[in-house]
Amino acid sequence: MKPEYTPLDKLSPVSKAYKVRVTVKEKSPIRTPPNKKRFQKLVFEDEEGNSMKATLFGDECDHFKKVFEHRKKYEIANSPIRTINPKFSSFPGECELTFGGMTKIQAIDRTEGPILPEYIPITDVLKTIGPADRFDLLGIVVHMEEVRQVTYKSGRVADVRAISIVNERAHAQPDIIVGYMARQLEFMTAGTEPVPTTLDQIISKNVDNTVQEELYTLTVTIPDAQLSNVIAYIGCDNCGRRCGLAANVPFFCPHCPDKKCTSTERVNFTFDATDDTRTFRLTAFGTVCEQIFNLTTLEVFNRKIKDDWNDFDHLAAALKSTPMHIIVHPAQALNRVGVLRWVVQSVSRP
Ligand SMILES: [Zn+2]
């Protein structure tokens, strides 16, 4: 049977068999006045916001040291109620709890009843979380996917629903949230079709008006391609970071702890893209470099490393005169850390 709790303000010196459910609201340090018994003051508060004091004297301070912890919740039963000496009371007839007689004190498990949330920023949630990880997030749900069934390797089937929550960076700015929701919706209904745009539009975008799903096509030229901006090196085939190895060697990459990595030829190319509106610096990696130069990664790598790229000027002239379509999207860092960088997804020629 559920215990019936008495509100603290209903207790009086005649109360005998009762239970209160209280939190230790205040626990003062133990005081030792000269020539007097040391004492410690406690204030309890019930769920209705009523409070009642108690004073521990002498050895009681030690006995109850571990019993009552600040901010913890307790069920106290049958504790004798005493009227406080008017010299020390805050109001006439104020009562206090004492802990003699048939008093029963029981700590209430923190997991019982409501647990106060401890909010963390969305960006602090790790990408790799285990099934036991739980986080309290404060955000706004902008999209809820239909429930779908997934089958785990173990054969267990579970219902899964993906929910998009607005990052806390938009918090307390209603117009940003409304704009964000509209954009999220727009890009979900538009699917993955890139939207034609211009460089001035891309440059004017910021973290608060951009969502991860955005995808744009730009028509640009590269008026001043520089061979010195083509970078070739040996790196991890997974994360792309440099490694001090020859190519095609299996190794343990310190940045990819759970993967078997192989050293491989990597290339990238940084360039200023120009259209009628603006100029914007971008970097192309791997396959996008292949599309820009019309060469394989290995060919780009060898020409750059061996300093054997006699016709680069010819290529640069073509990049200057012939417009190409590039598709860009925000880097994953937008969702992860709230930083907007643009990634070139692909390059094609009209
Ligand atoms: Zn790696």
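Trainee: Why is Cys239 called partly exposed?

Mentor: Cys239 has a relative accessible area of 28%. Buried means under 20%, exposed means over 50%, and partly exposed is what lies in between (1.4 Å probe, protein chains only). The value of 28% therefore places Cys239 in the partly exposed class. Please note that this is a predicted model, in which local features need pLDDT of at least 70 and side-chain atom pairs count only at pLDDT 80 or more, while totals for chains, interfaces and linings use all residues. Residues are numbered from 1 along each chain as its sequence is written, and side-chain values use heavy atoms, without hydrogens and water.

Trainee: Why are Cys236 and Cys256 classed as buried?

Mentor: The relative accessible area is 0% for Cys236 and 6% for Cys256. Both are called buried because these values fall under the cut-off.

Trainee: Which atoms coordinate the zinc ion?

Mentor: The SG atoms of Cys236, Cys239, Cys253 and Cys256 do so, at 2.3 Å. Donors are N, O and S atoms within 2.8 Å of the metal (3.2 Å for Na, K and Ca); water is not among the atoms, so sites may look incomplete. Along the sequence, the donor residues follow the spacing C-x2-C-x13-C-x2-C.

Trainee: What makes the arrangement around the zinc ion tetrahedral?

Mentor: The angles subtended by the four donor atoms run from 104 to 114 degrees. Four donors count as tetrahedral if all angles lie between 85 and 135 degrees. The zinc site meets that condition, and its arrangement is therefore tetrahedral.

Trainee: How many disulfides are there?

Mentor: The count is zero, where a disulfide is a pair of cysteine sulfur atoms within 2.5 Å.

Trainee: Why is Ser79 called buried?

Mentor: Ser79 has a relative accessible area of 0%, and it is therefore buried. Ser79 lies in the loop between β4 (73-77) and β5 (81-83); strands are DSSP runs of E with at least two residues, helices are runs of H or I with at least four, and both are numbered from the N terminus. Beyond its neighbours within four places in sequence, Ser79 is in contact (heavy atoms within 4.5 Å) with Tyr18, Leu97, Thr98, Phe99 and Thr103.

How values were computed. Tetrahedral: all angles 85-135°; square planar, octahedral: opposite > 155°, others 65-115°.
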